[in-house]
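Reader: I'm new to this structure and would like a close look at just one part of it. Could you pick a spot and walk me through what surrounds it?

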Amino acid sequence: MLQQLHGEFVSEGAVVLRGFFKAWIEPLREAIAYNEAHPGPFFRDYTSRPGQPRFFGDYCNWQKVPGYRDFIQHGPAGAVAKALMGSQRARIFHEHVLVKEAGNDKATPWHHDEPYYCVTAKQTVSIWLPLDPVARDSCVEFVAGSHRWGKLFRPSKFTQGSYDHRSDVLEPVPDIDAQRDQYNILGWELELGDAVAFDYRTLHGAPGNRSRSQSRRVISTRWLGDEAVYVDRGGETSPPYPELAKSLLPGQPLPESLFPYCA
(Lines give C-alpha, C1' and ligand atoms only; values in the text may rest on other atoms or scores of the structure.)
Protein backbone atom coordinates (compact mmCIF):
# COMPACT_ATOMS: atom_id res chain seq x y z
CA MET A 1 0.00 0.00 0.00
CA LEU A 2 2.74 2.49 0.89
CA GLN A 3 4.45 1.88 -2.45
CA GLN A 4 1.24 2.81 -4.27
CA LEU A 5 0.80 5.84 -2.02
CA HIS A 6 4.37 6.91 -2.76
CA GLY A 7 3.56 7.20 -6.46
CA GLU A 8 0.41 9.19 -5.75
CA PHE A 9 2.29 11.42 -3.30
CA VAL A 10 5.00 12.20 -5.85
CA SER A 11 2.41 12.96 -8.53
CA GLU A 12 -0.27 14.83 -6.58
CA GLY A 13 1.67 16.27 -3.64
CA ALA A 14 -0.95 15.07 -1.13
CA VAL A 15 -2.46 11.68 -0.23
CA VAL A 16 -4.92 10.35 2.31
CA LEU A 17 -3.68 7.71 4.76
CA ARG A 18 -6.51 5.45 5.90
CA GLY A 19 -6.38 3.89 9.36
CA PHE A 20 -2.64 4.14 10.00
CA PHE A 21 -2.92 5.90 13.37
CA LYS A 22 -5.92 4.42 15.21
CA ALA A 23 -3.85 3.28 18.19
CA TRP A 24 -2.51 6.79 18.75
CA ILE A 25 -5.73 8.83 18.92
CA GLU A 26 -6.26 8.67 22.69
CA PRO A 27 -2.58 9.12 23.64
CA LEU A 28 -2.33 12.17 21.38
CA ARG A 29 -5.58 13.64 22.71
CA GLU A 30 -4.05 13.41 26.18
CA ALA A 31 -0.84 14.99 24.88
CA ILE A 32 -2.71 17.95 23.37
CA ALA A 33 -4.61 18.47 26.63
CA TYR A 34 -1.27 18.48 28.45
CA ASN A 35 0.19 20.91 25.89
CA GLU A 36 -2.79 23.27 26.27
CA ALA A 37 -2.32 23.27 30.04
CA HIS A 38 1.45 23.76 29.64
CA PRO A 39 1.83 25.97 26.54
CA GLY A 40 5.21 26.41 24.93
CA PRO A 41 6.91 29.68 24.01
CA PHE A 42 5.36 29.64 20.53
CA PHE A 43 1.75 29.20 21.65
CA ARG A 44 -0.55 31.39 19.54
CA ASP A 45 -4.26 32.21 19.89
CA TYR A 46 -5.64 32.90 16.40
CA THR A 47 -9.18 33.61 17.59
CA SER A 48 -10.24 36.71 15.69
CA ARG A 49 -13.06 38.21 17.77
CA PRO A 50 -14.42 38.15 21.33
CA GLY A 51 -16.86 35.34 22.04
CA GLN A 52 -15.77 33.29 19.06
CA PRO A 53 -14.89 29.60 19.65
CA ARG A 54 -11.14 29.32 19.98
CA PHE A 55 -8.55 28.64 17.30
CA PHE A 56 -5.09 28.14 18.73
CA GLY A 57 -1.81 26.51 17.87
CA ASP A 58 1.54 25.60 19.33
CA TYR A 59 4.70 23.95 18.02
CA CYS A 60 8.22 22.72 18.73
CA ASN A 61 7.26 21.05 22.01
CA TRP A 62 7.80 17.41 21.11
CA GLN A 63 10.88 16.99 23.27
CA LYS A 64 9.03 18.42 26.28
CA VAL A 65 5.61 16.76 25.91
CA PRO A 66 5.96 13.03 26.61
CA GLY A 67 2.99 12.02 24.46
CA TYR A 68 4.36 13.81 21.40
CA ARG A 69 7.83 12.41 21.97
CA ASP A 70 6.50 8.86 22.26
CA PHE A 71 4.51 9.22 19.04
CA ILE A 72 7.44 10.64 17.08
CA GLN A 73 9.98 8.15 18.36
CA HIS A 74 7.82 5.01 18.48
CA GLY A 75 4.77 5.62 16.29
CA PRO A 76 4.42 4.75 12.60
CA ALA A 77 4.76 8.30 11.26
CA GLY A 78 8.51 8.19 10.64
CA ALA A 79 8.32 4.96 8.64
CA VAL A 80 5.31 6.25 6.69
CA ALA A 81 7.15 9.50 5.95
CA LYS A 82 10.22 7.66 4.71
CA ALA A 83 8.14 5.46 2.42
CA LEU A 84 6.18 8.36 0.96
CA MET A 85 9.30 10.46 0.36
CA GLY A 86 11.30 7.55 -1.02
CA SER A 87 14.20 8.69 1.14
CA GLN A 88 16.94 6.68 2.80
CA ARG A 89 15.93 7.99 6.22
CA ALA A 90 13.34 10.28 7.81
CA ARG A 91 14.10 12.87 10.46
CA ILE A 92 11.71 15.00 12.47
CA PHE A 93 11.66 18.74 11.81
CA HIS A 94 8.95 19.67 14.29
CA GLU A 95 5.38 19.05 15.38
CA HIS A 96 2.56 21.60 15.05
CA VAL A 97 -0.73 21.43 16.93
CA LEU A 98 -3.77 23.32 15.62
CA VAL A 99 -7.14 23.28 17.37
CA LYS A 100 -10.28 24.84 15.90
CA GLU A 101 -13.13 24.52 18.34
CA ALA A 102 -16.66 23.70 17.13
CA GLY A 103 -18.08 26.61 15.18
CA ASN A 104 -14.86 28.56 14.70
CA ASP A 105 -15.29 29.93 11.19
CA LYS A 106 -11.80 31.35 10.66
CA ALA A 107 -10.15 29.92 7.57
CA THR A 108 -6.48 29.08 7.37
CA PRO A 109 -5.26 30.96 4.26
CA TRP A 110 -3.89 29.22 1.18
CA HIS A 111 -0.13 28.80 1.49
CA HIS A 112 2.64 26.28 1.23
CA ASP A 113 5.10 25.53 3.99
CA GLU A 114 8.57 25.61 2.42
CA PRO A 115 9.02 29.43 2.46
CA TYR A 116 8.18 29.58 6.19
CA TYR A 117 11.06 27.29 7.10
CA CYS A 118 14.78 27.75 7.67
CA VAL A 119 15.43 24.34 6.12
CA THR A 120 15.09 22.73 2.73
CA ALA A 121 15.42 19.15 1.51
CA LYS A 122 14.91 17.07 -1.62
CA GLN A 123 12.20 15.06 0.13
CA THR A 124 9.70 16.52 2.59
CA VAL A 125 6.36 15.51 4.05
CA SER A 126 3.88 16.78 6.63
CA ILE A 127 1.47 14.31 8.20
CA TRP A 128 -1.76 16.08 9.21
CA LEU A 129 -3.41 13.82 11.80
CA PRO A 130 -6.85 14.84 13.12
CA LEU A 131 -7.90 13.53 16.52
CA ASP A 132 -11.59 14.04 15.76
CA PRO A 133 -13.62 12.92 12.73
CA VAL A 134 -13.45 15.55 9.99
CA ALA A 135 -16.22 16.14 7.45
CA ARG A 136 -15.20 16.91 3.89
CA ASP A 137 -16.34 20.52 4.19
CA SER A 138 -14.09 21.05 7.24
CA CYS A 139 -11.02 19.29 5.88
CA VAL A 140 -7.77 20.90 4.84
CA GLU A 141 -7.60 21.14 1.04
CA PHE A 142 -4.74 20.87 -1.46
CA VAL A 143 -4.03 22.02 -4.99
CA ALA A 144 -2.94 18.80 -6.66
CA GLY A 145 0.43 19.03 -8.38
CA SER A 146 1.27 22.49 -7.05
CA HIS A 147 4.46 21.14 -5.43
CA ARG A 148 5.81 20.69 -8.98
CA TRP A 149 5.19 24.27 -10.15
CA GLY A 150 8.73 25.31 -9.26
CA LYS A 151 7.50 28.40 -7.40
CA LEU A 152 7.82 29.80 -3.90
CA PHE A 153 4.95 31.91 -2.58
CA ARG A 154 5.16 34.67 0.00
CA PRO A 155 4.34 33.25 3.45
CA SER A 156 1.53 35.00 5.34
CA LYS A 157 1.04 35.06 9.07
CA PHE A 158 -2.15 33.47 10.40
CA THR A 159 -2.88 36.71 12.24
CA GLN A 160 -1.98 39.65 9.96
CA GLY A 161 0.66 40.54 7.42
CA SER A 162 3.45 38.60 5.73
CA TYR A 163 6.92 37.52 6.73
CA ASP A 164 9.69 39.91 5.70
CA HIS A 165 11.52 37.63 3.28
CA ARG A 166 13.46 38.39 0.13
CA SER A 167 10.92 39.46 -2.49
CA ASP A 168 13.04 38.48 -5.47
CA VAL A 169 12.34 34.76 -5.03
CA LEU A 170 8.74 34.93 -3.81
CA GLU A 171 5.43 35.36 -5.62
CA PRO A 172 1.98 36.26 -4.28
CA VAL A 173 -0.18 33.25 -3.50
CA PRO A 174 -2.76 32.87 -6.29
CA ASP A 175 -6.39 33.48 -5.35
CA ILE A 176 -7.37 29.83 -5.32
CA ASP A 177 -10.91 30.39 -4.02
CA ALA A 178 -11.73 32.84 -6.82
CA GLN A 179 -10.89 30.25 -9.47
CA ARG A 180 -11.42 26.87 -7.85
CA ASP A 181 -12.66 25.38 -11.11
CA GLN A 182 -9.21 25.90 -12.63
CA TYR A 183 -7.51 23.58 -10.15
CA ASN A 184 -7.77 19.97 -9.04
CA ILE A 185 -8.52 20.53 -5.37
CA LEU A 186 -8.14 17.55 -3.08
CA GLY A 187 -9.86 16.97 0.26
CA TRP A 188 -11.32 14.06 2.16
CA GLU A 189 -13.73 13.00 4.85
CA LEU A 190 -11.55 11.59 7.61
CA GLU A 191 -12.35 9.01 10.27
CA LEU A 192 -10.37 8.42 13.45
CA GLY A 193 -6.99 6.96 12.52
CA ASP A 194 -6.92 8.62 9.09
CA ALA A 195 -4.44 11.35 8.17
CA VAL A 196 -3.32 13.38 5.18
CA ALA A 197 0.30 13.60 4.02
CA PHE A 198 1.59 16.41 1.82
CA ASP A 199 4.78 17.88 0.40
CA TYR A 200 6.10 21.13 1.91
CA ARG A 201 5.57 22.85 -1.46
CA THR A 202 1.95 21.77 -1.97
CA LEU A 203 -0.47 24.69 -1.73
CA HIS A 204 -3.10 24.09 0.94
CA GLY A 205 -5.66 25.90 3.07
CA ALA A 206 -8.34 24.96 5.57
CA PRO A 207 -11.88 26.22 6.09
CA GLY A 208 -13.32 27.03 9.46
CA ASN A 209 -14.62 24.18 11.56
CA ARG A 210 -18.19 23.86 10.33
CA SER A 211 -19.11 21.29 12.97
CA ARG A 212 -21.33 22.71 15.71
CA SER A 213 -20.61 19.89 18.12
CA GLN A 214 -16.95 18.90 18.03
CA SER A 215 -13.53 20.49 17.90
CA ARG A 216 -11.02 19.79 15.15
CA ARG A 217 -7.86 18.84 17.03
CA VAL A 218 -4.91 18.20 14.74
CA ILE A 219 -1.28 17.36 15.25
CA SER A 220 0.95 17.76 12.21
CA THR A 221 4.39 16.21 12.23
CA ARG A 222 6.86 17.64 9.70
CA TRP A 223 9.50 15.30 8.32
CA LEU A 224 12.66 15.72 6.27
CA GLY A 225 14.30 13.20 3.99
CA ASP A 226 17.78 13.17 2.51
CA GLU A 227 20.21 16.08 2.31
CA ALA A 228 18.29 18.48 4.55
CA VAL A 229 20.22 21.74 4.92
CA TYR A 230 19.90 25.14 6.53
CA VAL A 231 18.64 27.98 4.32
CA ASP A 232 18.60 31.73 4.91
CA ARG A 233 15.18 33.12 3.92
CA GLY A 234 16.29 36.71 4.42
CA GLY A 235 14.07 37.34 7.42
CA GLU A 236 11.98 35.76 10.17
CA THR A 237 11.09 32.09 9.78
CA SER A 238 8.48 29.93 11.44
CA PRO A 239 9.59 28.08 13.49
CA PRO A 240 12.38 30.61 14.15
CA TYR A 241 15.23 28.32 15.32
CA PRO A 242 17.55 31.31 15.95
CA GLU A 243 20.31 28.97 17.14
CA LEU A 244 20.72 27.66 13.58
CA ALA A 245 21.47 31.12 12.20
CA LYS A 246 24.19 31.49 14.82
CA SER A 247 25.88 28.18 14.06
CA LEU A 248 25.22 27.32 10.40
CA LEU A 249 25.88 28.79 6.99
CA PRO A 250 23.33 28.32 4.19
CA GLY A 251 23.69 24.87 2.64
CA GLN A 252 25.18 23.23 5.72
CA PRO A 253 23.60 20.03 7.06
CA LEU A 254 21.18 20.22 9.98
CA PRO A 255 22.39 19.07 13.41
CA GLU A 256 21.10 15.63 14.31
CA SER A 257 20.87 16.69 17.98
CA LEU A 258 17.95 18.99 17.12
CA PHE A 259 16.48 17.02 14.23
CA PRO A 260 17.06 13.32 14.94
CA TYR A 261 16.42 10.46 12.52
CA CYS A 262 13.41 8.40 13.57
CA ALA A 263 13.19 5.94 10.67
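Author: Let's go with Asp 199: in this predicted model, its side chain reaches the backbone nitrogen of Arg 201 at 2.8 Å. Asp 199 sits in the loop between strand S10 (195-198) and strand S11 (204-206). It's buried, yet it has no salt bridge. The nearest side chain of opposite charge is again that of Arg 201, but it's 5.8 Å away, and a salt bridge needs the nitrogen and the carboxyl oxygen within 4 Å. Setting aside residues up to four places away in sequence, Asp 199 touches Phe 9, Gly 13, Thr 124 and His 147.

Now follow the chain out of the loop both ways. On one side is S11, which belongs to an open sheet of four strands, ordered S5-S11-S8-S9 with antiparallel pairing. Strand S5 (108-111) and strand S9 (185-186) are at the edges with a single partner strand each, so one side of each has no neighbour in the sheet. S9 pairs with strand S8 (residues 141-143) over two bridges, and there Phe 142 stands opposite Leu 186.

Ala 195, Val 196 and Ala 197 are among the contacts of Ile 127, and so are Leu 17 and Trp 223. Ile 127, Leu 17 and Trp 223 are in turn among the residues with the most contacts inside the largest nonpolar core, which has 33 residues. Helix H4 (residues 77-85) gives that core its largest share, five residues. Apart from it lies another core, of 17 residues, including Tyr 59 and Leu 248.

Key. Residues numbered from 1 in each chain as written. Predicted model: local features only at pLDDT ≥ 70, side-chain atom pairs only at ≥ 80, totals over all residues. Heavy atoms only, no water. Core = buried A, V, L, I, M, F, W, Y, C linked by side-chain atoms within 4.5 Å. Buried < 20%, exposed > 50% of the residue type's maximum accessible area, 1.4 Å probe, protein only. Contact = heavy atoms within 4.5 Å. Lys, Arg positive; Asp, Glu negative; His and termini not counted. Polar contact = N/O pair within 3.5 Å; in protein donor to acceptor, adjacent residues only side chain to side chain. Pairing = 2+ DSSP bridges.
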